[in-house]
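This report is an introduction for a reader who has not seen the structure before. The sequence and the model come first.

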Amino acid sequence: MIPVFRTVILAAAMLVCGVARAQVITQNLSALGGQPDDPAMDALQADTLQRYAAQGWNFGPLSVHGYASQGVGYTNNADRLYGGHPSVALQTNAELGARLLETTGRTDAILSVDSLHYPSRSIQDRTNWAAGLQGYRDFGMNRLSYSYNHQKLTQMPTDLGAAALDRPVPYRLDSFDLNLLVPTRGKISIVPDVRLNSFNFDNMSATDQSLRQAYRNRVVVSEGAALRYALADDSALLALVQGTEIRYTNDQLHLPSRDSNGFAALAGYEYSGSGLWRVRMVGGYQYRRYASALYKPIDTFYAEVDGRWVPTRLTQVTFSLSRGIADSATESVVGFVYTTASVRVRHVYARNIVLEAGVSVQQGGGPSTPEIFRGTPLYMERRSQSNVAFDLSGGWSIDRHFVLGIQNQFLNANAVGSTRYNIDTATLTLHYYL
């Protein structure tokens, strides 16, 4: 496997129950154009990674990588709900990817699947998969970046804005992103960007209204333009304006339209050097107005931060912050304002032993649900959620192909309308890499 992906996948594949998330599709850092390629997690640790990195298959400019893993664990709450049931957890993951390097660009293709099985709570079993294609092409000084992903996913009660249902909610997400970096003769570069996301939810019951989720199907289109002003080769000032249109495609509940239009105006800074720090940040104003006057407009301060700090040759700290308006496909009807923050520390204890620790905080809250929706799946008595997650993990590279991982994750959360509760999960996983 390509070294940069190995430790990232090691951490992700050991998760039996992922941390809470929101269906946030308003992320703007990607619209600013790609940062310079980063072939290793950190140049100072390249030798440590290379000694135990799987090689994959290489055919000239084409490289193929992949992995498979089997994990066995135990969780005290397989339902991720207040009063949920405990169970043994069996997690199976697999991924196959390819990269084609050319003189004028790069193309990455990936296919992945993960399956989670609870022997004592089969109603919570779920299998997700994803297929994607992304890359870039250089046309002189211009760079065209693109990505397309099709994902079959499931939403759980601890996801921000999700319904507190007793089973996973399956849905499909198709996402397409296209942006063009156009340098001018001076220090300014222009980055026009367009993104499309299509959400399609399954109806899990023909009679139970709360399990009929297709009313949440919608298409989200975002378009905008960014400006980059180069202060130096590795730093720049950023500015971005963006419009977002959300259109619902299945009005099976015959309720007032939840379609909306919005915009964001942001400014920020980027430092992409190869030293101890690397950071990209934007902040500004975000606004959303709904087609029906029943729903009040939402506006908020918007912010995104993504960075890395390498204090020693063996330690790396990554951090992120995000705040904004989540899209309208939540049971709060008009969406909500979310804030998320995370810090993760990775330490090379020995050449073949890597330790990691992370903490993340999420909070979401929305305006009052109109009384007209009382008695429908859209009405929500309580309109706020908050989640705090901690995890500790370790990976032992037995050789270039096998890694033994162990992880413990603790989550303190509340689903919509519930009191707080804890989820504790421990996992032992064996990974195989090509």
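## Basis and confidence

This is a predicted model, in which local features need pLDDT of at least 70 and side-chain atom pairs count only at pLDDT 80 or more, while totals for chains, interfaces and linings use all residues. Residues are numbered from 1 along each chain as its sequence is written, and side-chain values use heavy atoms, with hydrogens and water left out.

The protein chain has a mean pLDDT (the predictor's confidence in each residue, from 0 to 100) of 83, and 82% of its residues reach 70 or more. Helices (H or I, at least four residues) and strands (E, at least two) are DSSP runs, numbered from the N terminus. Over residues 35–41 pLDDT stays under 50, and the model has 21 contacts (heavy atoms within 4.5 Å) for them beyond four places in sequence. Residues 328–332 are also below 50, with 28 contacts in the model beyond near neighbours in sequence.

## Nonpolar cores

A nonpolar core is a set of buried Ala, Val, Leu, Ile, Met, Phe, Trp, Tyr and Cys residues joined through side-chain atoms within 4.5 Å. Buried means under 20% relative accessible area, exposed over 50%, and partly exposed in between (1.4 Å probe, protein chains only).

The largest core has 13 residues, of which Leu266, Phe336 and Tyr338 touch the most other members. Strands β10 (235–248) and β11 (260–271) each supply at least two of its residues; β10 gives the largest share, three residues. A second, separate core holds twelve residues, including Ala163, Leu173, Leu211 and Ile246.

## Two single residues

Ala68 lies in strand β2 (residues 62–75) and is partly exposed, at 35% relative accessibility. Leaving out residues up to four places away in sequence, Ala68 touches Asn93, Ala94, Leu430, His431 and Tyr432. Ala68 and Ala94 are 26 residues apart in sequence, with their C-alpha atoms 4.2 Å apart.

Arg80 is in the loop between β2 and β3 (87–102). Its relative accessible area is 2%, so Arg80 counts as buried. Phi of Arg80 is near 55°, a positive value. Most residues other than glycine have a negative phi.
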